[in-house]
Amino acid sequence: MPTAERPSPSPTGDGAAGTGHLTPDGPAPAEVEPAAVRLRAVTDGVVMLAGLSGLRGRDPDEAVLALMALVEQAFTAGRHRVEAEVRADDVETRRTLQRAGLRPEGVSRGRGTNGRGVPVDLLRLARLVDDPAPGEPGAFLGMLNATLPRKRLIAQGLVRDDQGRVLLCELTYKTDWDLPGGVVDPHESPRQTIQREVREELGVDLPVGDLLTVNWLPPYRQWDDALLLVHDLGTHPDLAARASLQRSELRAVHWVRPDEVDQHVAPYVARHLRSVLADGPGELEDGLPV
């Protein structure tokens, strides 16, 4: 197996960067190899599909077959990963790559340029040697898993005292206060998230009660849309006094009266809390009852 040279970045998102040519066991069939589309070495075991502009204007089915032939050529030569980069707005090439079994992996912001030299985003796709080939069992579901939206899920808890006040956390990384909780980690349930966050940030274990609201959050500042679940954590008048705060995350915790919440939290949190405290459990969109 040859030693690959590390390529330089592709300036256009055409996947044409690099100087380390793959040494194939044999040439791909001429009838399915698009002009200019080729394999370039990236590192040991990894190659890139370069010259993807050679796909433009070709019959879509023929282009897919050509890419699949190059991918199989790489795997036959002992490579374990074939990758490609395309401009995020090049829908036709992206679809062709996906039909050839390359799954989207992420976006590199501003890494490419368009014809006018303006920075554009690049989409990275890849297929591994043990990924099911197009048409094989599991290939379709694997592609769906890689391409369907992944909405953020946030789980928080509502703690009250015997005066009806709400416990809010004063955070180190933003000015707005918030309910205890956080983003649900992969393969973690919302209840597990609340238990973990309360234990980490407040140093206590609280039973997670009923689900109070499911709230859809539209984009806000730097955040994209998300679902927010709020569970009832019960009434614990002594919690602020006995909490052992994680100082890297929390400056303090405060008991806040419902009519004072707006002074401390983001607008969407204020709407959310007003709906929960006034209307009780229910489904919300942007903090308002559906």
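Let's start inside helix 1, with the residues it keeps buried: Ala63, Val64, Ala66, Leu67, Leu70, Val71, Gln73, Ala74 and Phe75. Keep in mind as we go that this is a predicted model. What covers those buried residues? The cover includes strand 2 (38-43), strand 3 (46-50), strand 4 (81-87), helix 2 (91-99) and strand 6 (119-128).

The helix itself runs over residues 60-76, which makes 17 residues. From first C-alpha to last, helix 1 reaches 24 Å, close to the 24 Å expected at 1.5 Å a residue. Have a look at both ends with me. At the start of helix 1, aspartate 59 has a side-chain oxygen that comes to within 3.1 Å of the backbone nitrogen of aspartate 61. After the helix comes glycine 78, with a positive phi near 100°.

There is also a salt bridge here, between arginine 58 and glutamate 62, and its closest N and O atoms are 2.0 Å apart. Are these two partners buried or exposed? Arginine 58 is partly exposed, at a relative accessible area of 23%, and glutamate 62 also counts as partly exposed, at 31%.

Now let me step back for the whole protein. You will find six helices and 14 strands. Of the 290 residues, 44% are buried. If we take the contacts with a separation of 6 or more, 63% of them are between residues 24 or more positions apart. As for the surface, the protein exposes about 15200 Å², and carbon and sulfur atoms supply 51% of that.

Arginine 81 has a relative accessibility of 14%, so it counts as buried, the cut-off being under 20%. What does arginine 81 touch, leaving aside its neighbours within four places in sequence? The contacts are Gly45, Val46, Val47, Phe75, Glu105, Arg124, Ala126, Arg127 and Leu128.

In general, side chains of opposite charge can pair when their charged atoms come close. How many salt bridges does a search of the whole structure find? The search gives 24. Arginine 81 takes part in a network of them, linked with Glu83, Glu85, Glu105, Arg111 and Arg124.

Aspartate 161 and arginine 165 meet through their side chains in a salt bridge, 2.6 Å from N to O. Aspartate 161 counts as buried at 4% relative accessibility, whereas arginine 165 is partly exposed at 23%. Then there is glutamate 197 with arginine 196, whose side chains form a salt bridge at 3.3 Å, N to O. In that pair, glutamate 197 and arginine 196 are both buried.

My last stop is helix 6, residues 267-279. Helix 6 has 13 residues and spans 18 Å between its first and last C-alpha, close to the 18 Å expected at 1.5 Å a residue. Its buried residues are Tyr268, Val269, Ala270, His272, Leu273, Ser275 and Val276. They pack against strand 7 (152-160), strand 8 (166-171), strand 10, strand 11, strand 13 (282-285) and strand 14 (288-289). Just after helix 6 sits glycine 280, which takes a positive phi of about 80°.

How many aromatic pairs does the structure hold? There is one. Its rings belong to tyrosine 220 and tyrosine 268; their centres are 5.1 Å apart and their planes stand at 65°, so the pair is edge-to-face, which takes an angle over 60 degrees. Tyrosine 220 lies in the loop between strand 10 (211-217) and strand 11 (226-235), while tyrosine 268 is in helix 6, so the pair ties together parts 48 residues apart in sequence. Tyrosine 220 is partly exposed at 24% relative accessibility, and tyrosine 268, at 17%, counts as buried.

Notes:
Residues numbered from 1 in each chain as written. Predicted model: local features only at pLDDT ≥ 70, side-chain atom pairs only at ≥ 80, totals over all residues. Heavy atoms only, no water. Phe/Tyr/Trp six-rings, centres within 6.5 Å; stacked < 30°, edge-to-face > 60°. Helix = DSSP H or I, 4+ residues; strand = E, 2+ residues; numbered from the N terminus. Buried < 20%, exposed > 50% of the residue type's maximum accessible area, 1.4 Å probe, protein only. Contact = heavy atoms within 4.5 Å. Areas by Shrake-Rupley, 256 points an atom, 1.4 Å probe, with all protein chains shown as cover. Expected span 1.5 Å × (residues − 1). Polar contact = N/O pair within 3.5 Å; in protein donor to acceptor, adjacent residues only side chain to side chain. Salt bridge = Lys/Arg side-chain N within 4 Å of Asp/Glu carboxyl O.
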